[in-house]
Amino acid sequence: MAVRTRLDPSVFRLPVEKIRSGYYSDQYFNLTKDLLEHDGRRPRVLMQVFQKRESVLGGIDEALAVLRECTGRCLPDGGFDAGWEHLEVHALHEGDRIAPWETVLTIEGDYSLFAHLETVYLGCLARRTLVMRNVDAVVRAARGKQILFFPARHDHWVVQTGDGWAAHVAGAIGVSTDAQASWWGGRGVGTVPHALIASYGGDTVAAARTFAARFAHEMNVTVLVDFENDSVRTAVEVAQALGDDLWGVRLDTSENMVDRALCDEPDQDAARAVNPLLVRKVRDALDGAAFPDVRIVASGGFTVDKITRFEDEAVPVDAYGVGSSLLRGSNDFTADIVRVDGRPLAKAGRREMPNPRLERVE
């Protein structure tokens, strides 16, 4: 999974001037940098970065871009004296599996050159590693089945690009926006949405037929089939209407609803939302109508636990669309100075933790 070729800093489109000025930094780091420069103090430090859980490293190339582009000091005339060449930096790679307390990044050099950047590079690591770890978990739970990364609507648009890259490295087969796919030159993928079906008077077949006529030559057409809460019937009707233009149907029944095909089930709680019995009924109906190649995408509240349960029960899902659960949790990083001017020096409880896996970043 790890990506050994690092992304070029230009990919990230960093707001370089603002980062250099400390606009995104905790103010105490800005004040520290200001004081060190004013006092003429140039401690040569070893800064060590780690986190505290089993995880998958994301955001490291973005963090390195921040250091490469924004290390240095502002000049009185408004210019900037770049300082990257005065640092010695070692780092792991995007997608590396990391252990609790394992050092993922070291920065050695004049601390006054990069004191203002800690907030920003730790934030890059925290966000992207969170997404990467979560996507990796559902990919592993799905046991080789496709994961579609669908959380764009659950967070601010500005995070999409890096989140999509993290999901891609962690094994998601598709993302839903062009922004999420931009760092590797891909495109967003999607399904015939409920809004389009509503725009065609609630007629899923009409919406799907029109959609396929326009886009089937450039994408795999997948159709949501729960608009009328009758997924079994609608799936077969869409398959009959689209034929070879249909790649798959997507089940997305609300957690508060029971599909019509399950209205007679004795356990109505278990019959809610997208559940194993509903998937099996749709699969049986498609197979019975001679459409065994139409895939089933399951979405709506899927988590690692729910995917694991489906896989344990051998539910015939071909792909999972996963959204908000991929943004939950935390994966915070910490940076500590552990050596100053050649001698060990760290806060109580911290010490230098060399890592032979680290590679020099030129």
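## A helix pair to start with

At 10% relative accessibility, Arg283 counts as buried (buried means under 20% relative accessible area, exposed over 50%, and partly exposed in between, with a 1.4 Å probe and protein chains only). Asp287, at 37%, is partly exposed. These two residues form a salt bridge, with their closest N and O atoms 3.1 Å apart; a salt bridge here is a side-chain nitrogen of Lys or Arg within 4 Å of a carboxyl oxygen of Asp or Glu. Both sit in helix H11 (residues 276-288), and being 4 residues apart they are separated by about one helical turn. Helices (H or I, at least four residues) and strands (E, at least two) are DSSP runs, numbered from the N terminus.

## About the model

This is a predicted model, in which local features need pLDDT of at least 70 and side-chain atom pairs count only at pLDDT 80 or more, while totals for chains, interfaces and linings use all residues. Residues are numbered from 1 along each chain as its sequence is written, and side-chain values use heavy atoms, with hydrogens and water left out.

## The sheet

Let us turn to the strands. An open sheet is formed by 6 strands in the order E15-E14-E1-E7-E5-E16, with antiparallel pairing; two strands pair if DSSP finds at least two bridges between them. Strands E15 (343-344) and E16 (359-361) stand at the edges with a single partner strand each, so one side of each has no neighbour in the sheet. Strands of a sheet pair through backbone hydrogen bonds, either parallel or antiparallel.

Strand E1 (residues 44-51) and strand E14 (residues 333-340) pair over 7 bridges in the antiparallel sense. Gln51, for example, has Phe333 in E14 as its bridge partner.

## Helices on the sheet

Helix H5 (residues 118-142) packs on the sheet and touches E1, E7 and E14, where contact means heavy atoms within 4.5 Å. The direction of H5 makes about 135° with that of E14; axes are lines fitted to C-alpha atoms, for helices over the stretch in contact, and angles run from 0 to 180 degrees between N-to-C directions. Helix H3 (residues 60-70) lies across strand E5 (88-91), strand E7 (105-110) and E16, and runs at about 5° to E7.

## Salt bridges across the chain

The whole structure holds 28 salt bridges. In one of them, the side chains of Asp110 and Arg42 meet at 3.9 Å, N to O. Asp110 lies in strand E7 and Arg42 in the loop between helix H2 (27-39) and E1, so this pair ties together parts that are 68 residues apart in sequence. Asp110 is buried, with a relative accessible area of 16%, whereas Arg42 is partly exposed at 36%. Both belong to a network of salt bridges that links Lys33, Glu37, Arg42, Arg73 and Asp110.

Glu102 and Arg357 form another salt bridge, their closest N and O atoms being 2.6 Å apart. Glu102 lies in the loop between strand E6 (97-98) and E7, and Arg357 in the loop between E15 and E16, so the pair ties together parts that are 255 residues apart in sequence. Glu102 is buried at 13% relative accessibility, while Arg357 is partly exposed at 37%.

## The largest pocket

The largest pocket has a volume of about 750 Å³. Of its 22 lining residues, the closest to its centre are Phe12, Glu62, Arg128, Val158 and Thr161. A pocket is found on a 1 Å grid over the protein atoms alone, as an open set of points where a 1.4 Å probe fits, with protein on both sides within 12 Å along at least five of seven lines; lining residues have an atom within 4 Å of a point. Grid points are joined across faces, edges and corners, and a volume is the space filled by probe spheres set on the points.

H3, H5 and helix H6 (160-170) each supply at least two residues of the lining. The largest share, 5 residues, comes from H5.
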